[in-house]
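Subject: Structure handover

Hello,

Here is the structure for your files. My notes on the contacts come after it.

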Amino acid sequence: MPPSLPATINIREPRWDQSTFQGRAKHFFMVTDPRNLLLSGATLEEARRVVEDYRAGTVPPGLTEDQLWRAKYIYDSAFHPDTGEKMLLVGRMSAQVPMNMTITGCMLTFYRTTPAVLFWQWVNQSFNAIVNYTNRSGDAPITPSQLGTAYVSATTGAVVTALGLKSLTKHLPAIIGRYVPFAAVAAANCINIPLMRQRELKLGIPVTDENGNRLGESTAAAQKAIFQVVVSRIGMAAPAMAIPPVIMNALEKRAFLKRYPYLNAPLQVGLVGLCSMPVSRLEPEVQARIQEKDPQLETVYFNKGL
């Protein structure tokens, strides 16, 4: 009979060493694995049971370390880290690759006409709104009014930016026009994310010590988290939206794409985490509560959201 699995494995952290590139790559390949979208509800609930039991100190008989880590990554792929609720399917990390490849490829392909710009910017902002809602930080709910305001504002900002730049680049080289979708996406992120998460800016997000013990809520941490998300969203979009235009601009000048123009869109599609903060940078009242609980604590941690 195999020995029982120890109850000391820290499954709140990634399995692999995050100080190395290989460790980070393995972690994010697991987190964004699109195959997790195909898992049944029963499989997700079983993973939740294994993870919650293990965290409570109960080790199911016969559970191996590989099975534990598999359950942890299935759980993380489907359940919100703060609220524990099951996340919307298309808003999960495992949906990012197929959804973003398709939407980004289509935005980069169909940018020449106004109806196409309107449609694909609307599709992109609808998807972003779902992702932002699904991966919001903390356990403060977003009201329908806040959701609607953020959605309409971001979609309007993206469309206005795209159409405005489209008209300005009419007489410029074609390669410049190909970057209009990227500029629209960047502008929309600057509008969408702060509005979608405005409740966090008002009420704060949970801050914890290094062991995950909740210490309070901080608006300063929320401001830092949201700024980081805006920058990271634009940075994540850059490779997929900045490199393909150069490649496609060169390919379209060749006979191959002139003979097979229907391959344009498929080619475009094909080309296409926790933070810490010093206690001293939190609000005075939050610092005071932390000092009462643990005077020696110098750093707190928070989930910045996706």
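The notes below go from the overall picture to salt bridges, rings, core and surface.

This is a predicted model, in which local features need pLDDT of at least 70 and side-chain atom pairs count only at pLDDT 80 or more, while totals for chains, interfaces and linings use all residues. Residues are numbered from 1 along each chain as its sequence is written, and side-chain values use heavy atoms, with hydrogens and water left out.

Overall

The chain has 13 helices and four strands (DSSP runs numbered from the N terminus: H or I of at least four residues for helices, E of at least two for strands). Of its 306 residues, 43% count as buried (under 20% relative accessible area; exposed is over 50% and partly exposed lies in between, with a 1.4 Å probe and protein chains only).

Salt bridges

There are nine salt bridges, a salt bridge being a side-chain nitrogen of Lys or Arg within 4 Å of a carboxyl oxygen of Asp or Glu. One of them joins arginine 15 to aspartate 66, with the closest N and O atoms 2.6 Å apart. Arginine 15 lies in the segment before α1 (21-31) and aspartate 66 in helix α3, so this pair ties together parts that are 51 residues apart in sequence. Arginine 15 is partly exposed, at 32% relative accessible area.

Another bridge, between arginine 49 and aspartate 53, has an N to O distance of 3.3 Å. These two are four residues apart in helix α2, and therefore about one helical turn apart. Both count as partly exposed, arginine 49 at 36% and aspartate 53 at 25%.

In helix α3, aspartate 76 and lysine 72 are likewise four residues apart, about one turn, and their side chains meet at 2.5 Å, N to O. Aspartate 76 is partly exposed at 31%, whereas lysine 72 counts as buried at 4%.

Rings

Lysine 72 has a second contact to note: its charged end sits over the ring of tyrosine 73, 5.4 Å from the centre (NZ of Lys or CZ of Arg within 6 Å of the ring centre and within 35 degrees of the ring normal).

The whole structure holds four aromatic pairs (rings of Phe, Tyr and Trp, the last by its six-membered ring, with centres within 6.5 Å; planes under 30 degrees apart are stacked, over 60 edge-to-face, the rest tilted). The rings of tyrosine 75 and phenylalanine 79 have centres 5.1 Å apart and planes at 25°, so they are stacked. Both residues are buried. Phenylalanine 119 and tryptophan 120 pair edge-to-face, at 5.0 Å between centres and 80° between planes. Phenylalanine 119 is partly exposed at 41%, while tryptophan 120 is buried at 18%. Together with Trp122 they form one aromatic cluster.

Core

The largest nonpolar core has 19 residues, of which Leu5, Ile9, Ile11, Tyr54 and Leu68 touch the most other members (buried Ala, Val, Leu, Ile, Met, Phe, Trp, Tyr and Cys joined through side-chain atoms within 4.5 Å). Helices α2 (41-55) and α3 each supply at least two residues of this core, and α3 gives the largest share, seven residues.

Regards
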